[in-house]
Amino acid sequence: MNLQQERIGHLCRQLKLESMATLYPAVAQDAARDALPYSDFLERLLERETRLRQERTREVMLRMAGFPAIKTLEEFDFGFACGVQKSQIQELAGLAFLERAENIVLIGPSGIGKTHLATAMGIRTTQAGLKVKFISAADLMLQLGAAQRQGRLKEYFNRTVMGPSLLIVDEIGYLPFGREEANLFFQVVAKRYEKGSMILSSNLPFGQWATTFADDATLTAAMLDRLLHHAHIVSMSGESYRLKDKRKAGAVKKPTTP
Ligand code: ADP
Ligand code: MG
């Protein structure tokens with residue numbers, strides 16, 4: 001590296017143009033080869049820096065969102081589960097629901113693709129440059145409980161509950177919550193109501209949600225009232241996708257229908 005390159009690198013870093021220092025020699029070489037005007041060279045260089053910066057931001061946002069796996073809508077087989085209309089999901093994937101602070105609730109048995117769809121919508125959202133938080137209901141309760149005990153509840157709400165443009169809470173209903181936890185979850189729903197979208201998934205139909213929220217029918221009704229006021233409900237049914245391949249291999253018998 002010659003002295004001028006070192007000086008340019010130093011100036012780029014001072015201006016926080018991290019990629020430009022390494023990009024510019026190649027871009028300059030191409031510009032010289034194509035006899036580009038200086039302004040075209042500068043434009044190309046700025047474009048490359050911007051693109052790399054956006055890619056880095058999206059990678060960081062994807063990591064921070066905490067998705068359990070990378071799943072996309074392209075990988076989703078719409079012919080598999082009953083109740084999932086491709087047109088409805090494609091419409092939702094346009095992300096207009098986020099602008100209207102509407103919710104999506106995915107209801108259906110285990111293995112039907114709820115986490116897959118929630119993740120795919122979440123990834124679409126990060127690709128649009130918006131912040132997403134994916135968390136299981138059990139982990140959310142643990143974190144809320146810990147924040148409350150440590151006197152950091154307000155901070156937790158500001159940052160984790162209200163910070164993201166989309167909050168995804170997966171697997172409501174697998175673990176029953178105590179009264180305290182049910183109250184905290186109610187606050188999550190109430191705080192985001194008409195302010196920011198949530199995607200929720202559950203194996204329980206709404207009529208049974210009280211069983212997971214400390215058998216508190218009043219609290220559950222008030223929560224569902226807010227949650228479902230502006231919501232898209234995707235009711236999925238059918239057998240587990242996880243069992244499909246096993247069944248194909250003959251390891252699991254098909255359930256007999258009565
Ligand atoms: P759930 O959250 O409803 O229990 P998951 O979304 O975790 O189910 O799905 C279980 C597995 O099956 C995942 O690996 C998921 O990617 C896959 N899967 C489920 N439904 C579909 C589908 N319709 N098309 C493609 N893959 C699917
Ligand atoms: Mg799941």
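The second largest pocket is lined by Met64, Ala65, Lys131, Val132, Lys133, Arg159, Thr160 and Pro164. Here a pocket is an open set of points, on a 1 Å grid over the protein atoms alone, where a 1.4 Å probe fits, with protein on both sides within 12 Å along at least five of seven lines; lining residues have an atom within 4 Å of a point. Two or more residues of this lining come from each of α3 (38–65), β2 (132–136) and α8 (153–161), helices (H or I, at least four residues) and strands (E, at least two) being DSSP runs numbered from the N terminus. By residue class, the lining of the second largest pocket comprises four nonpolar, one polar and three charged residues. The space in the second largest pocket amounts to about 170 Å³.

The model is predicted, with local features requiring pLDDT of at least 70 and side-chain atom pairs pLDDT 80 or more, while totals for chains, interfaces and linings use all residues. Residues are numbered from 1 along each chain as its sequence is written, chains are lettered from A and ligands numbered from 1 in the order in which they are written, and side-chain values use heavy atoms, without hydrogens and water.

The largest pocket has a volume of about 460 Å³. Its lining consists of 21 residues, of which Gly111, Gly113, Lys114, His116 and Arg242 are the closest to the pocket centre. The elements contributing two or more residues to this lining are α6, β3 (166–172) and α12, and α6 supplies the largest share, four residues. Seven nonpolar, seven polar and seven charged residues make up the lining of the largest pocket.

Polar side-chain atoms lie 2.7 Å from a ligand 1 oxygen atom in His116, 2.9 Å in Lys71 and 3.1 Å in Arg242. The protein covers 86% of the 560 Å² of accessible area that ligand 1 has on its own, as computed by the Shrake-Rupley method with a 1.4 Å probe.

Terms used
A polar contact is a pair of N or O atoms within 3.5 Å; within protein, one must be able to donate a hydrogen and the other to accept it, and residues adjacent in sequence count only if both atoms are side-chain atoms. Grid points are joined across faces, edges and corners, and a volume is the space filled by probe spheres set on the points. Ala, Val, Leu, Ile, Met, Phe, Trp, Tyr, Cys and Pro count as nonpolar, Asp, Glu, Lys and Arg as charged, and the others, Gly among them, as polar.
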